[in-house]
Amino acid sequence: MNAIFRHLSVRLWITLLFGGTLLLVLMPAWQRAVGMTWVSVPVVLVLTGCFGLCGWLMNRRGLALIQRLMDEAAVWERAGMADQAEAVFERAKSAFDSFWLSPLQRRPAGLRITRRLARFYLSRPALDRHGRNMVAAYLRMHPGDEPVARGWLEALLRLEDPGRHDHALAERIGGALEDRPAVQRALMAFYLAADRADYEALETYRRVWQHPDPLPAEWVVPLARLLVNENHLNDWALQVYLRGHAMGHTDCLEGIAAGVRLLRPHADNRADLAAAHAVLAQLDDGRRQALARRFQPVETGAPHPQAADCPSEAHAARTELPLLARVIAIGDAVAAALVSAGRRVPAMGRALMQSARLRRLTFLVLVLAAVGVVTAVGWQSMGRRPEPAPPPEPVAEVQLPPPVTDPFTIQVAAYLRPEDAQRYVDRLKQQNIDAFSTKAASGSRTWYQVKVSHFPTRDQARQYGEQLKTKGLIDDFYV
């Protein structure tokens with residue numbers, strides 16, 4: 001913002017200097033030609049023309065200076081002198097932060113510099129903190145740049161403890177480049193290194209697994225171990241368990257046994273279920289049941305996480321929202337609004353204009369504004385007598401909501417973490433599906449079940465579930 005104010009100030013001073021001089025020369029002739037009534041028209045035209053011409057000349061000068069410095073930095077970079085190239089890049093950033101460029105030219109110029117700097121820092125042997133921040137600032141504005149995104153993800157794998165902002169940016173890159181196998185594989189390696197099993201990570205694992213190119217062998221066992229630990233079970237997870245077992249990971253037997261007991265056969269998974277039966281052929285029913293116990297907690301005597309609950313409990317879980325959840329929802333909405341507003345700021349406005357003096361000035365203004373608001377509120381409240389409390393109004397009879405009469409519902413998923421279940425519910429609601437989540441306890445575990453709608457008969461619930469499964473909106477369901 002300082003650069004924009006300096007640019008406008010310089011343009012106004014130059015306009016007043018040269019435009020005022022020109023008006024002093026031409027004003028007598030215009031006054032004799034058009035009179036005093038219309039003399040303001042040529043004055044406005046002259047000042048407007050001088051202001052526009054001054055901005056055009058300053059933009060040409062600033063863009064030419066930045067381009068010359070970028071070309072010079074490229075020469076140093078091709079010569080293998082990275083330190084000299086970085087010094088020239090710093091001069092280009094200083095030229096961008098000066099008064100030369102108008103607000104309309106700052107965004108494309110800033111994008112060009114940040115794109116070039118992101119590629120420069122990624123080409124270096126080690127990505128330091130400054131370079132990582134520069135690359136991340138560019139990717140927040142342009143997550144669809146595949147080469148930069150892939151290089152940034154590969155650099156993240158070399159970090160010992162990536163921050164939450166790195167994970168958020170990785171999710172944004174994954175959503176922007178879903179059809180890029182190289183980026184999805186790099187993203188999967190990053191998620192596996194962080195032992196992530198949330199919705200975004202599972203979707204990435206699924207996309208990479210279902211790609212025609214086979215998954216590297218060194219990724220299969222970590223993926224199978226992660227899915228077993230999270231009790232994840234569906235058709236593609238069964239494929240992971242089968243391949244992991246073939247590679248010697250014995251814990252995959254639990255997932256294979258659970259798949260045989262819990263997955264419903266259909267045209268797409270018959271071959272995998274047949275292979276699973278072949279793996280378990282030497283085991284008796286008791287051993288199979290013991291292996292699948294982790295995925296089937298009903299055997300401990302607690303409510304089954306994949307069994308339909310009472311309609312009243314499901315309705316209560318769907319309608320009651322704790323105060324803390326409301327506060328969190330409001331915070332998420334405010335954060336989304338701030339992020340949306342931040343996207344309108346030029347990339348260099350966040351990446352380059354990190355002035356300590358500007359931050360201190362902004363903080364001082366906010367503090368003074370807060371003190372002023374508190375003082376005004378306190379001054380208005382001084383001397384104000386408290387008003388008598390109004391008499392209590394008669395309590396009206398509470399109208400209870402009608403009970404849920406349709407006794408059947410379908411369950412489409414069960415998670416160990418409530419945020420994963422809520423994320424899946426939000427995704428289904430975006431498809432106009434009446435989804436909600438319930439909570440069920442099983443021994444030392446608590447399951448968060450994702451369910452869909454209510455139905456008067458079991459056949460209607462099963463038909464609706466088959467429709468959702470045929471459309472690819474869910475993997476499987478239980479009535």
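**Reading salt bridges in a predicted model**

Biologist: What counts as a salt bridge?

Modeller: A side-chain nitrogen of Lys or Arg must lie within 4 Å of a carboxyl oxygen of Asp or Glu. Keep in mind that this is a predicted model, where local features need pLDDT of at least 70, side-chain atom pairs count only at pLDDT 80 or more, and totals for chains, interfaces and linings use all residues. Residues are numbered from 1 along each chain as its sequence is written, and side-chain values use heavy atoms, leaving out hydrogens and water.

Biologist: Where do arginine 294 and glutamate 254 lie?

Modeller: Arginine 294 is in the loop between α14 (285–291) and α15 (311–319), and glutamate 254 is in helix α12 (residues 252–262), so the pair ties together parts 40 residues apart in sequence. Helices here are DSSP runs (H or I, at least four residues), numbered from the N terminus.

Biologist: Is glutamate 254 buried or exposed?

Modeller: Buried means under 20% relative accessible area, exposed over 50%, and partly exposed in between (1.4 Å probe, protein chains only). Glutamate 254 is buried at 19%, while arginine 294 is partly exposed at 30%.

Biologist: How far apart in helix α20 are arginine 462 and aspartate 459?

Modeller: They are 3 residues apart in α20 (residues 458–470), which means about one helical turn separates them.

Biologist: How many salt bridges are found in the whole structure?

Modeller: The search finds 22. Glu146, Arg150, Asp179 and Arg180 are linked in a network of them.

How values were computed
Helices (H or I, at least four residues) and strands (E, at least two) are DSSP runs, numbered from the N terminus.
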